[in-house]
Amino acid sequence: MGNFGKKNPMHSNWGSACSDSDWGFGSDSRFGDDSKFDRHSKFKKPCKVCKSHDDSVCDCNFKAPARQLAAPLNSDCVLVNSVVGSKAVQKVAEATLPFTAFAPAIPAGSTIGPVSVVPNLAGITRNTTIIRDKVVNIGLIPVVITVTFTPPGATTPSTAMLTTNLPFQEHTDFPGACPEDTVIEPALVVEGIFAQPGVPVIGTTGLVTTNAILVKIVLRTTITVIRPVIVDKHGGICDVNERRCETTTTPTTNTLAAP
């Protein structure tokens, strides 16, 4: 580094970056009467820096350098999800349970009292499939059922329990839906729980009896079908798969996963 002078710290062996007057030791060429820093000036005026003949408005706007992509994009199109449709639907989970399915087994001819059905919403399993213009949904909901009953000839009520899964299924008409579309379905909400004793059922001997209880749970959800499409800079839209909705001659057959 150069040796700086004692009077002016900006003097060095290589000369001065600015004159003494420009560092405040005399009249300053940058801050004259018409300088923009004059408190009496109403408008921003140019000033001269270091006695240069180049005018500067002294108004600097710094910008970060543009970030370079690792690999430049070769298209100005974007891929988005188009909503084919959305609708609220209901599903019904139900089963007819014979008295012998409970523990302890409910004696035939018992008087059935209150029936408590507690569903486990966190344990619901669902299998959703789209066929042309329809969404098919099949699943199971775990439940714990407690039955209060009074055996024939008894006066004291007893209780029996059963932990099982109630199946549900629903097919929803969805015009425009195609097999390669995607279904978005939020968590199921229970709208109602019903129990009906005395429902006919085929017993172990093959005879039809009324020693059974029908349990029904009404569920609600919303089905939204989406489809990936390409959008160009002019707003034009084209399907990623233009042939996704072509009708096949063979019906769709699916073996769904076990819960």
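Author: Let's start with valine 240, which sits in the segment after strand E15 (237-239). Strands here are DSSP runs of E with at least two residues, helices are runs of H or I with at least four, and both are numbered from the N terminus. Bear in mind that this is a predicted model: local features need pLDDT of at least 70, side-chain atom pairs count only at pLDDT 80 or more, and totals for chains, interfaces and linings use all residues. Residues are numbered from 1 along each chain as its sequence is written, and side-chain values use heavy atoms, with hydrogens and water left out.

Valine 240 has a relative accessible area of 47%, so it counts as partly exposed (buried is under 20%, exposed over 50%, partly exposed in between, with a 1.4 Å probe and protein chains only). Together with Leu79 and Ile230, Val240 makes a nonpolar surface patch of about 260 Å². Patch members have over 30% relative accessible area and no salt bridge (a Lys or Arg side-chain nitrogen within 4 Å of an Asp or Glu carboxyl oxygen), and nonpolar side chains are joined within 5 Å, like charges within 9 Å. Areas are Shrake-Rupley values with a 1.4 Å probe; for residues, only the protein chains shown count as cover.

Threonine 172 is buried because its relative accessibility is 9%. Leaving aside neighbours within four places in sequence, threonine 172 is in contact (heavy atoms within 4.5 Å) with Lys87, Val89, Asp133, Lys134, Val135 and Ile223.

Zooming out, the chain has 15 strands and zero helices. Buried residues are 25% of its 259.
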